[in-house]
Amino acid sequence: MKLIVVRSGSAILFSEFGEQPVKSGDVILLGANVLCGSEPEGHITITTLYADTDFLLDQLFWQYADVLRDRFDAQGFADTIYTEPAQVLHLGEDRSGLLLPWLDELVALSVDGAYRDRFHRMQALWHAVIDQVAPFIRISPCRTSPNQRARVRPTLPRYRRFAPLRAEARQVRDVLRSDIARCWELPELSRMVHLSTKQLGRVFVDAYGKTPLTYLTMLRVEEMARLLRETDLTIAQAGRRVGWRSRNRASAAFRECVGITPSRYRAMRSAGSSMHTNETSVLT
């Protein structure tokens, strides 16, 4: 999970919530593997906290220890109440201003590499930050099933079995990565690893949080984004390069995953260089 605090400036943000303006006083919450882009308006300065999913689930268990039996219950409980993959939280400049000294200290401790010696201080700083942010996080009363999520959004699995990945899942992943432009079909992949289509779907979702064909879409969008950034190929050409024959199909898949159209993404290349960020990796 990413927690992005806007310290100064403003930008237009693009993600699964569509297109939204953000400014000083806002905090962006992004789930694991959620794609997000931004177009600064002049300049923007941010601090980003990275929090490991298992770390957050452990904290959720202790927060609701009176109703949850164990940490595995916490995984399903999180699935039930947190279904929005991306949120913009409007804390306001006064409230977000409280976070800045804590963020600065977290940055300093992270740069120094004092994770072990200053572990408890970093925990205290994290709790101080999330205490101010948590009241603004939207909780969903309805649940999106794992199968629905696996077919719609490229995300990490919402549960962990603490077991090695099945060889069949790794084999299908490697095959998809080796030729993303090929028109792969589920029966073909299933025969390759000697599983039924339903079995392969379950095994792959368990391993990667998405079905094989949704995983392929994610790979294609990532490569198409690289082509739009680094080459002068047209959108149709870039789409065909990664395996989509139709420009409309390529544009629709790109917008679904990234939150903006390919043409808007390409236009952001020149603006991206003006964005100044201050990031720290903590609690991972």
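**Rings and helices**

Guide: F61 is buried, with a relative accessible area of 9%. Keep in mind that this is a predicted model.

Visitor: What does F61 pair with?
Guide: F61 forms an aromatic pair with W62. The pair is edge-to-face, with 5.0 Å centre to centre and 65° between the planes.

Visitor: And W62, buried or exposed?
Guide: W62 is exposed, at 54% relative accessible area.

Visitor: How many aromatic pairs are there in the whole structure?
Guide: A search finds six. One of them is F61 with W62. Y208 and Y215 form a tilted pair, 5.6 Å centre to centre and with 45° between the planes.

Visitor: Why does Y208 count as buried?
Guide: Because its relative accessibility is 11%, and buried means under 20%. Y215 counts as buried too, at 4%.

Visitor: Which residues form a cluster with Y208?
Guide: F204 and Y215. Together with Y208 they form one aromatic cluster.

Visitor: New topic. What sits over the ring of W184?
Guide: The charged end of R182, 4.1 Å from the ring centre.

Visitor: Now helices. How do α6 and α7 pack?
Guide: At an angle of about 130°, with axes 10 Å apart. Helix α6 covers residues 167-178 and helix α7 covers residues 186-193. The two are therefore oblique to each other.

Visitor: Left-handed or right-handed crossing?
Guide: α6 passes α7 in a right-handed crossing.

Visitor: Which residues make the contact?
Guide: From α6, E168, Q171, V172, V175 and L176. From α7, L189, M192 and V193.

How values were computed
Residues numbered from 1 in each chain as written. Predicted model: local features only at pLDDT ≥ 70, side-chain atom pairs only at ≥ 80, totals over all residues. Heavy atoms only, no water. Phe/Tyr/Trp six-rings, centres within 6.5 Å; stacked < 30°, edge-to-face > 60°. Buried < 20%, exposed > 50% of the residue type's maximum accessible area, 1.4 Å probe, protein only. Lys NZ or Arg CZ within 6 Å of the ring centre and 35° of its normal. Axes fitted to C-alpha atoms, helices over the stretch in contact; angles between N-to-C directions. Helix = DSSP H or I, 4+ residues; strand = E, 2+ residues; numbered from the N terminus. Parallel < 35°, antiparallel > 145°, perpendicular 65-115°, else oblique. Left-handed = near helix turned anticlockwise from the far one by under 90°. Contact = heavy atoms within 4.5 Å.
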